[in-house]
Amino acid sequence: MVATQSFGTKPISKPADAIPVAVGADLQSLVDAAPAGSTFWIEAGVHRMQSVTPKDGDHFIGEHGAVLNGARLITEFDREGHNWVATGQNQEGFRSGTEFGARGAERPGYPETFFIDNKPLTPVDSLDKVAPGKFYFDYGHDKIYFRDDPAGHRVEAGVSPFAIAGQAKDVHVENLVVEKYNVPTQAGAIGYNSSAEGWTIQNNEVRLNYGVGVYAGSNSHVTGNYVHDNGQMGLGASGDNVRVEGNEIAHNGYFSGIDRGWEGGGTKFAETENLIVRDNYSHDNNGYGLWTDINNINTLYEGNTVANNLSGGINHEISYAATIRDNVLTGNGGEGVGWLWNGGIQIQNSKNVDVYRNYVDASEGGNAITMIQQDRGTGSHGAWTTTGNSVHDNVIVDRTPGEGASGAIADYNQAGLAAGGNSFDHNHYHNSHPSDERWAWTDGFYSWDAYRHASGQDAHSTISTDIPDAPAIPVSAALAAVATHVGAEQSEARPVVTHTDEATPHETAAPREPAVPSEPAVVARPVATAPEAAGSDVPTVAEPGVSKPVTSAAPDVPSPHAPIAPVASAPSPVASEPEPSTAGSARAEGHAPAIEGANPWSDLLGGHSGAWILDALTEPRSTGSHPDLSSPSIENALQHYVDLAEQHCAGQITLDAGVIGDWLDQFHHAKTGEHTGLAL
């Protein structure tokens with residue numbers, strides 16, 4: 001089902017009894033004046049800095065093109081030395097998770113955001129670190145400093161702490177674009193936390209919010225949404241009887257500066273019972289695609305497609321009974337394998353999990369179906385042990401020598417794991433090199449025959465060197481929109497932005513294109529900051545010799561209608577506003593550029609003082625095998641290096657050792673979860 005469904009907003013009709021909400025209206029005042037259970041029709045356009053606490057049963061429905069934007073549009077700037085300055089910025093949100101920063105990140109857990117042409121800039125913690133793609137928030141003087149010339153670009157600072165949140169029950173949120181809210185770490189722009197009980201969150205596009213895009217509580221239904229490019233994570237939930245169905249969850253976890261190993265990436269669910277996660281498409285997130293962690297019981301993962309997530313696919317951690325069936329998992333674990341981490345399906349200190357009829361392709365750097373036991377203690381339903389789990393009737397594919405292990409392993413109570421009633425059987429392995437040690441049991445890795453002899457597992461399973469055709473992968477809402485809207489007017493274009501990879505938090509690229517290219521250019525010159533100009537969408541900057549600022553009259557154009565086009569120069573597509581284009585589609589699919597030569601990356605990397613990286617990448621692993629440079633995960637990282645070099649400070653084309661070290665860190669995740677450099 002997931003391969004053919006659509007995600008996000010769509011044209012719908014206004015309900016007959018709905019209260020209209022025009023652009024500029026105070027939505028909270030309208031809610032306060034209306035009885036509980038009212039329906040609000042949010043008209044098309046950009047509704048800025050609205051934070052709404054609803055009443056029980058309220059419905060918020062967006063006309064196609066309605067945008068709730070939590071950011072302030074900034075149109076006038078001062079100049080101090082080499083930096084531009086936005087003054088009067090007194091927003092300061094709740095800080096959470098500051099002790100869980102990713103390697104190299106500055107001010108993790110500080111929710112204040114700053115955007116140029118819908119691209120989130122990277123925060124730094126002192127004025128002397130400001131550079132292209134970075135900003136410094138001087139909280140004591142209400143100033144934001146940045147280096148990129150704002151002339152002709154849309155500049156916004158996140159202000160509002162949430163879009164729609166509170167303790168009201170049975171709230172319905174539908175067909176809205178929700179973006180750029182300074183929602184804290186572990187909280188959602190819609191729903192906020194587990195107090196959002198009985199909510200229906202349906203057919204929204206939720207993007208570019210600092211913390212989490214959507215968070216829901218008991219008896220909630222999250223369906224049909226396109227949740228992408230949020231800073232820490234896409235979607236979360238806690239409570240009983242939560243259903244998460246038919247959503248696209250993509251490119252999340254790249255700009256908050258929060259360590260993905262603590263919490264980040266596609267989703268994370270905690271303390272749930274009877275959770276259903278069905279028919280979702282979770283891909284290209286900086287972390288796990290789908291993750292249940294802490295005391296989840298009676299979980300169902302069914303019919304999901306989970307692809308190209310950096311840490312792994314589905315992870316069921318320190319939890320209890322679950323069924324994981326009929327899912328497609330491919331290309332996950334791109335940061336590299338260590339021990340049995342980063343499995344396509346990973347059972348980690350959890351018991352009574354039934355895993356069957358899944359298709360798991362572990363050819364791109366991660367492992368396949370794994371069980372891990374460590375000393376994790378006891379939870380609400382007993383000890384967190386890896387016992388009573390069954391893995392059967394799955395198709396497991398691995399094309400890459402030395403990669404993609406399956407099995408069970410422990411660094412604590414190995415005898416308990418071996419005697420814990422875990423089983424692998426009736427699986428179908430399609431493995432290009434079955435003599436490799438790709439099967440694990442309790443404390444070591446084995447070849448196929450040695451593994452079966454040592455463990456007694458997979459007695460009725462089959463192995464073949466034939467590689468089957470892969471199942472269909474869904475079409476992303478971004479690419480579907482491109483196909484539908486090629487040729488649309490630029491003023492209708494949905495944002496396309498380059499996210500900041502938290503593995504390289506200090507290397508955010510400076511924006512290259514204006515949000516609306518047809519807008520008149522303005523001349524860069526320092527001016528005094530004034531309140532936001534109504535209807536203005538580019539900065540007000542004075543021309544030389546002119547004392548009065550020149551103000552552009554370009555409107556604040558909503559942009560939910562047309563596509564997010566893949567950008568060839570970006571590590572991943574997110575949301576900005578250039579004209580629709582199919583440029584970069586090869587990149588989005590993970591293919592190397594068409595460059596003549598023995599290795600298509602040689603010329604690119606050589607031109608950016610990075611040819612040595614190829615030598616490092618092609619060194620054999622400890623197993624004696626070599627990494628596949630044509631794999632999407634490695635190609636994307638190589639392209640990321642080139643992008644960083646092209647975009648680095650004022651046109652420099654080399655990166656310092658610290659930048660390269662952070663970038664290389666994407667490839668390695670050691671057994672303890674620490675990052676220790678390149679280890680492919």
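Q: Let's start with Arg 243: is it buried, partly exposed or exposed?

A: Arg 243 counts as partly exposed, at 35% relative accessibility, where buried means under 20% relative accessible area, exposed over 50%, and partly exposed in between (1.4 Å probe, protein chains only). Please keep in mind that this is a predicted model, in which local features need pLDDT of at least 70 and side-chain atom pairs count only at pLDDT 80 or more, while totals for chains, interfaces and linings use all residues. Residues are numbered from 1 along each chain as its sequence is written, and side-chain values use heavy atoms, with hydrogens and water left out.

Q: And what does Arg 243 form a salt bridge with?

A: Its partner is Glu 245, and the closest N and O atoms of the two are 3.0 Å apart; a salt bridge here is a side-chain nitrogen of Lys or Arg within 4 Å of a carboxyl oxygen of Asp or Glu. Glu 245 is buried, with a relative accessible area of 11%.

Q: Which residue forms a salt bridge with Lys 268?

A: That is Asp 293, with the closest N and O atoms 3.0 Å apart. Lys 268 lies in strand E27 (residues 265-273) and Asp 293 in strand E30 (residues 288-293), so the pair ties together parts that are 25 residues apart in sequence. Helices (H or I, at least four residues) and strands (E, at least two) are DSSP runs, numbered from the N terminus. Both Lys 268 and Asp 293 are buried.

Q: How many salt bridges does the structure hold?

A: There are 21 salt bridges in the structure, and a network of them links Arg 48, Glu 156, Glu 179, Lys 180, Glu 205 and Arg 207.

Q: Switching to the nonpolar parts, which residues have the most contacts inside the largest core?

A: Phe 60, Ile 164, Leu 176 and Val 178 have the most contacts inside that core, which has 65 residues. Strand E39 (residues 367-373) gives the most to this core, with 3 residues. A nonpolar core is a set of buried Ala, Val, Leu, Ile, Met, Phe, Trp, Tyr and Cys residues joined through side-chain atoms within 4.5 Å. Another core, of 14 residues, lies apart from it, and Ile 74, Ala 86, Ile 116 and Phe 146 are among its members.

Q: Last topic, helix H3: which of its residues are buried?

A: In helix H3 (residues 448-455), the buried residues are Trp 448, Tyr 451 and Ser 455. Seen down the axis of H3, they fall within an arc of 65°, so they line one face of the helix; the arc is that of the directions from the helix axis to the C-beta atoms. On the other side of H3, Asp 449 and His 453 are exposed.

Q: And what follows H3?

A: Gly 456 follows H3, and its phi is positive, near 75°.
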